[in-house]
Amino acid sequence: MFFYSLQDNSKVPVYKCTDNNYVPYMNNNVLNNNVLNNNVSQINYSFLIDEIANNQNKQAFIKLFNHFAPRIKSFVLKTGLSLNEAEDLTQETMITVWNKAKLFKSDKSAASTWIFAIARNKRIDHLRRQKHPLPHQDDLLLASEIDLKTHELELEKEQTFNNIKLEITKLPKEQSDVLKKSFFEGMSHIEISKDLDIPLGTVKSRIRLALTSIRKKMKGLN
Amino acid sequence: MYPKHHPSYELLLDYAAGNLPIAPSVIIATHCSICHECRDTLDTINITGAALMDDLNADSLDTDSLENVLTKINNQPKDTEIKYDYNSNSLTFDVPKTLNNYLPKSLKWKNLSSGVKTAELIADDGFNLDIYRIKSGYKIPKHTHTGFEYTMVLDGGFTDNQIYFGPGDFSFLDDTSNHSPKADLDRDCYCLVSIDSQIKLTGPIGRFINLINN
């Protein structure tokens, strides 16, 4: 079994670790050199998730863990939960990433979007005792939908994410502040208006302006 | 189904970030499950949330964190396929699967008034989630709300303040809204409705009296 290097499409067969009982911290040349470490910002997280889905690749999982777990913990702490809760939710999120890696295949989003959404929903479930309702995939029956998923598209997805990230840093502070209050401080738009002591209409228009410009950027990129 | 009336951006953000109670969240999730446009907006919101999270300073984990996770992964049962519970319910039309987790096998219908029956799905977090069945041609007397009202049409349709709401359409009303929805003439209208339970305190009879007094 072979897979191909993503960077240059040169189709060089590479050795792959298929040992399910793989011992962590062992050096794995494939993942360290060929695909993943050419450039830190170029790590293809989608590819790592596919590796988990297809080959239960523990090294790929460890790479994901090292990037995402500390950020997830930081997020949960920021929302006001305790250190213990943050550690637990982080671990639960990463276990879900492992278990649901196969579901990512049908997802059109970047790895970061998928993983952080799992983390957010874990936090919501934790606070509510009831599962956060998510739109069921089957409800949107699109006969014409074709599965175009290839590694090239995945690279594009990851690139889109990085571009959007850049776009968000360019938002006016008053807009990004409102978004941060929503994601990190658990405030509804009504609560944000009270907290900042600004009219509801102002909060709504900040949200609208921010999301519209991000959406435009997304459309332009696709 | 191509819904024409959608939740606003700020409601979609509240929903996705987990800042809405469960009952209205279920309505918004159900609407999004059948609406391309709102799914696009949700994608935008999700990528925004992820980008903000990716920018956070990385906190240090417990030293045995990774080891714990790997142990748990190794020790869990192999079969972790996600199963959906396909409830057979007593409704005569197709219901989005998003609702499956909340539909009891048989709905307990209660009369709210001569033309409206309701069946409760969730009572939690200060909001109720009910299915309303409005008799064909019935017009709910003019009324206002003391809180918020979230609605999505499941089957049939109604006209309210000269605006038509068909299957999939979403409506959000606050305490300033005065309305009097009228169901289609040819069939009963089924809606998902979530209202602040403040209204519920007056009980079904009180609610009915409220309705006719207005």
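Across the interface of chain B and chain A, seven salt bridges are found, a salt bridge being a side-chain nitrogen of Lys or Arg within 4 Å of a carboxyl oxygen of Asp or Glu. This is a predicted model, in which local features need pLDDT of at least 70 and side-chain atom pairs count only at pLDDT 80 or more, while totals for chains, interfaces and linings use all residues. Residues are numbered from 1 along each chain as its sequence is written, chains are lettered from A in the order in which they are written, and side-chain values use heavy atoms, with hydrogens and water left out.

**Exercise 1.** Describe the contact between chain B and chain A.

*Solution.* Begin with the residues in contact (heavy atoms within 4.5 Å): chain B contributes 68 residues and chain A contributes 68 residues. Then take one salt bridge, in which the side chains of A:Arg71 and B:Asp54 meet at 3.9 Å, N to O. Finally, H3(B), residues 36-54, is among the helices and strands that each supply at least two residues of the side of chain B that touches chain A, and H3(B) gives the most, with 18 residues; helices are DSSP runs of H or I, at least four residues, and strands runs of E, at least two, numbered from the N terminus.
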